Structure formats: structure tokens, C-alpha cells
Amino acid sequence: MKTVRLTMAQALVRFLENQYIEVDGVQNRFVRGVFIIPGHGNVVGLGQALSQEAKHLEVWHGQNEQGMAQAAVAFAKQMKRKQICVATSSVGPGAANMVTACGTATANNIPLLVLPGDVYACRQPDPVLQQVEQTHNLSISTNDAFKAVCRYWDRIVRPEQLMSAMISAFRVLTDPANTGAVCIAMPQDVEGEAYDYPESFFKKRVWRLERRPATEAALNDAAEVIRKAKRPMLVCGGGVRYSEAHAEFRAFAEATGIPFGETQAGKSAIEWTHPLNLGGLGVTGCSAANDIAKKADVVIGVGTRYTDFTTSSKWLFKDGCKFVNINVSEFQALKMDAVPVVADAKDALPRLLEKLSGYKAPYTTEVTAAREKWAKELERLDHITFEDKKSWKPIINDANADSAKRFAKDLDAGLCQTTVLGAINAMMSEGDVAIGAAGSLPGDMQRMWRPTGIDCYNMEYGYSTMGYEIAGALGVKLAIGDKREVYAMCGDGSFNMLHGELVTAVMERKKINICLFDNASFGCINNLQVGHGNVTLCTELRYRNKEGLFGDFLNIDYAKVAEGYGCKSYSIRTMEELVAAFEDAKKVKNRPVLFDIKVLPKTMTDGYGSWWRVGDTEVSERPENVAAYEDHLAHVKDARKY
């Protein structure tokens, strides 16, 4: 056996250089590059190895450990899980910062490899800088926190352990049914320790993405249920996009006449103009999809996890509704007490269609009517304007509705959020990608967004990670290249939490467009807070006065913040300014752009026939809380139990 003497870190990089993935006979490199923030836990070990061993791998300098890892998540999501980036940090707080991104990856079933530095395996210098000492177990470090949010976790305490660890890591990273975050913790001393590795470990290794076929028995069971359906409905989940089953899903819907609703992950698999596309489904869904869903007797879920937002906490579908689930994951396929078809969607849909030969959904005019009704509502949402009159009411006309006029006065602003979103959507070019994650914008976008092409919608809503938007825009840009634009829809709350990767985008001369919707609040949560009978508490950005945080709204100049980083920025308070800025920004090259858009609170979309279960208060001095709890009980009574 021929061997080569390398440090553990050098062997790790050389291994990453030679990993490939094969999909339908086509091979590509699986690892694009490495995001790194060097620290004492990785700079002299893995840092040296990257300098020496990286040949094809790109290396990017991150600004915040969570941010760079979120960029890696967005990259892999945009690449439909066919290529990944790696994120590496120092020990301690740098490592802990990546835990959130691992939660994002695992919740969304997106492959992410993180390589945090770790405390010394030999323990000689303990306690080292940034080490948390657990007196009951000295083997525990910060990196044990990754276990709850990773699909695979390992710690390399001897250099030869790297070989089995990386085989297991890539088994998970390339498994469509069980992929997510993978953490390989690297003690600082072991990174630099040498071992005689077999040369075979570094040969080109091809991980084949096998399309799991459906069994005949499962297809027969599914077909039997669907044939009896009077009001069937399809759910287009993220699995449609990841398996690249766009054509197969479309063909199935068209041949059977079954309409479909979209999840956040499935949106843009099929063009929004398709006559069977009902749009977003569930809590953040639209009236078209939700109205049809409430009467459905059979739901065929393709590649969906059935989150509470998709099912309205299992309240949306009537109790007698039956489910057929096509999913590569057995765990997901069994949800909603469904008839499971454990298979790749690209394989299963055509074969199921053959067994349904001659079947046609017995209702069509109702689908057309639902789409027409929603089209009128979209037109209204696109053109809502603010009037400084006593009679004017915002869309969210709750107990805190006056905040909209107060904001307008304090910031000299008058734009409504839905109108701005519709305008931006209309001004984007074909193929441009929209990205988002948290707050009220995901609801607006699932309802209102009209994708400019296929796979042009990158929404992180499995973990709803505030701060994903800007880092994710960088990841998407690395994935799609410079010929297309990426636009991040970001609230001021998310911007304030995490925007450091703007600096990385400046360094890399990458143009990402940040559409910052500033309503000086956590608007979505304020709606939830007030709507369930509570007073406003820490959900608005206001100066403190004698009554608390109820003074004037903060007027933060985010355009100047971005300009200070080296971005091109625009301050926007009118529709004319938005249109002019958007057109001017299209001329900008090689640097990020930020649109600082002041939008009125309470001007986001409202619910359309949905319900979301939250922890309402059973006992309270406020009658509004008691009423909310009674409403909660009424909905729970009607919701499916599992």
C-alpha cells in the first residue's frame, strides 16, 4: 500500500479536492470552496493546509461565522444540493456562531459541512483560550452543541480517524433523504499531527445520487386512493426542485387536471402563470390555494415536509381528507397518516401517472374561479397607497394600527410594503433570483411573488433564520454567477442582526442587491403579539420615553451604513425614488447595492383563510388574551391530531 505523510488538516483538504457527485450520469466537483474566519483554533492547522493543498477549492474570507455558513447553505440550496461549500471557524464563540446555520441547513435538508476548531485532544495546555470547562466531563467542548442540529457529528482525536469520519460525512451530505449539516470537530493539536495516509484515500471519489425507485405495491396503493378522489389537490414541495422533477410534476398535473399549491421550498418549480398553479399554501398562503385545500378529499404531497405553515397547524385540511406522499424520506412520507410512496419524485410521478391512465379530476371551473379571485386581490395589493387621513386604515388594522401613521410622521414616509414588493417584482429581469427568510416578507412573497423564471426563488423558511437574507444573497450569487442578479428581501430586524457578509461581497466584488424594507419594527411579530391580545413589547424600534419604549420611531440611515462598507446605496421614500434607484442600480457592476426603503408598519399582507397554532395564554388579566385563548381552543378542536 502506497502512503503519503500529511497532517490531518492537509489530508482533509486533499480529500475535499477530490470529491465528485454524479447525477443522471453527469459528474461534477461536489465541493466548490471554503469560507473561513481564521482563529487560533484553525489558522495554523487548517489554514496552513488550505494554503498548501487547495488547488481547485476557492477560499473566501467570511466576516461572521454564522453569516458565512448561511452563505454556504444558500449556495447549496440554489445548486439543488448538487454542490456545497464548507465553513470553518476557530474554537469557542466562533464555532458556536455556526450552530444556528447548522440548524438552518438541517431543518431545510440542505447539505452543509462545518469544520470548527476544538480544544486540545492531549489536554496538556487546558484550559485553553475560549474553552468551556465542564467539570463533570472534560471531553465536552463548545462543539458538542452541534449535535442537536446536525445529521452527522464527529470529533477527530487521532489523525487516522479522519478517513472513516469523512466517508461517513459525505455519505450524509450526498443522501437526499437524510442530508443536512455535518460537523467535524478538529482539535487544534490533531490538525497539525501527521500520519501515513493511504494514497487511495485521495483518489477521485464519485458519490452517485441514486434515484430511489417506487415499489409497485406503493404505486398501486397510491393510485387506488387517487382514483376515488372527487376533489384532489397536489402540493409542490422542495423535493420537486431538488430531484429536478419539474417536467414530471407538470405532466402529472396536466394529465390528471389536478391543481397544486406551493410550499416556500417548492415555489418557482412551475411558472406562476400555469392554469393549475394555485400559489402559496397554508399560513402564508393565498386564498386560491387555501380555499381549494379546505375542500380537498385527497392531497398528493410531492417532496414536502408538511410544516405547520403548510398545513395551518394541521387545521387546513378536513379530517376525512386522505394523503398520498411521494418523498425520498420514509420519515417524511409517513406524515399526515399518508399512503407512503418512498421514492424519488422524478421516478415516481411518471409511473404513478401510468397507473392513473384515464383519470381526470372532476372539477376545473372552481380552480379557474379561485385563480381569478386571487388575481384581483394581487392587483389590489400591488396598488395600495397611503392617505394621511383619519379614515385611512392599514391592511393589518389591529390595536396597534396607529403605528403606521406615527411612522409616516416620524420618518416622513408613505410607502406600503405590498406595493413596494409588487413594484420590485415587476422591475426584475427574467432569471433574476429572489431570496428571503424571516419576518413578514416571506408571507408577502409566498402570496404575491411572481418568479421571473424557474428555480428563481430561494426562501429559507424551515428555520426562518433572521440574518440569512444578506449572507444567503452572497451564496446565491456564487451559485448563479454574474450574468443574473440576486435580490434579497430583508427587513430591518434581519439587517440589524446579521449583515457582515456585505463586506465579503465588497471584497469579492460581487453585486448583490439588498432590498431593505425598514418599518422600524419586528412587524410580523408585532402583528402576532397584538393580534393575540397582548400589548406591544420590544417589537418596535422606538426611543424610550417616560412610559417606556413608546417614543418616536428611530430613523436609521441604512443607506449610509452600506455606503460606509463600500456599497452603492439609495434612500427611498417614494415610488418615484424606488423606480429611479432600481434603474440606476442596474448599471452598477462589481459591488453590492442596498435600497433603504422606508415602508409603513402594518402594510404587509394578512392571512387568507388560515390559522397558526401559537402558545396562547390560558389565564390572563387582559380579556383580549382570554378571547384569543378561546379562539385557540376552537381551532384546536377542528385540527387533525397527527
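Where is the place of Ile525? I found Ile525 in helix α22 (residues 523-531); helices (H or I, at least four residues) and strands (E, at least two) are DSSP runs, numbered from the N terminus.

Housekeeping first. I am working with a predicted model, where local features need pLDDT of at least 70, side-chain atom pairs count only at pLDDT 80 or more, and totals for chains, interfaces and linings use all residues. Residues are numbered from 1 along each chain as its sequence is written, and side-chain values use heavy atoms, with hydrogens and water left out.

Back to Ile525. I looked up its cover: Ile525 is partly exposed because its relative accessible area is 43% (buried means under 20%, exposed over 50%, partly exposed in between, with a 1.4 Å probe and protein chains only).

Next, strand β20. I see that six of the six residues in β20 (residues 486-491) are buried. Val486, Ala488 and Cys490 point one way, while Tyr487, Met489 and Gly491 point the other way.

Then I checked the partners of β20 (two strands pair if DSSP finds at least two bridges between them). Strand β18 (residues 433-436) runs parallel to β20 and is joined to β20 by three bridges, with Ile435 opposite Ala488. Strand β21 (residues 513-518) is also parallel to β20, with five bridges, and there I find Phe517 opposite Gly491.

Last, the open sheet. I read six strands in the order β5-β4-β6-β7-β9-β8, with parallel pairing. The edge strands, β5 (58-61) and β8 (152-155), each pair on one side only. Inside this sheet, I count five bridges from β4 (residues 31-36) to β6 (residues 84-89), and Ile36 stands opposite Thr88 of β6.
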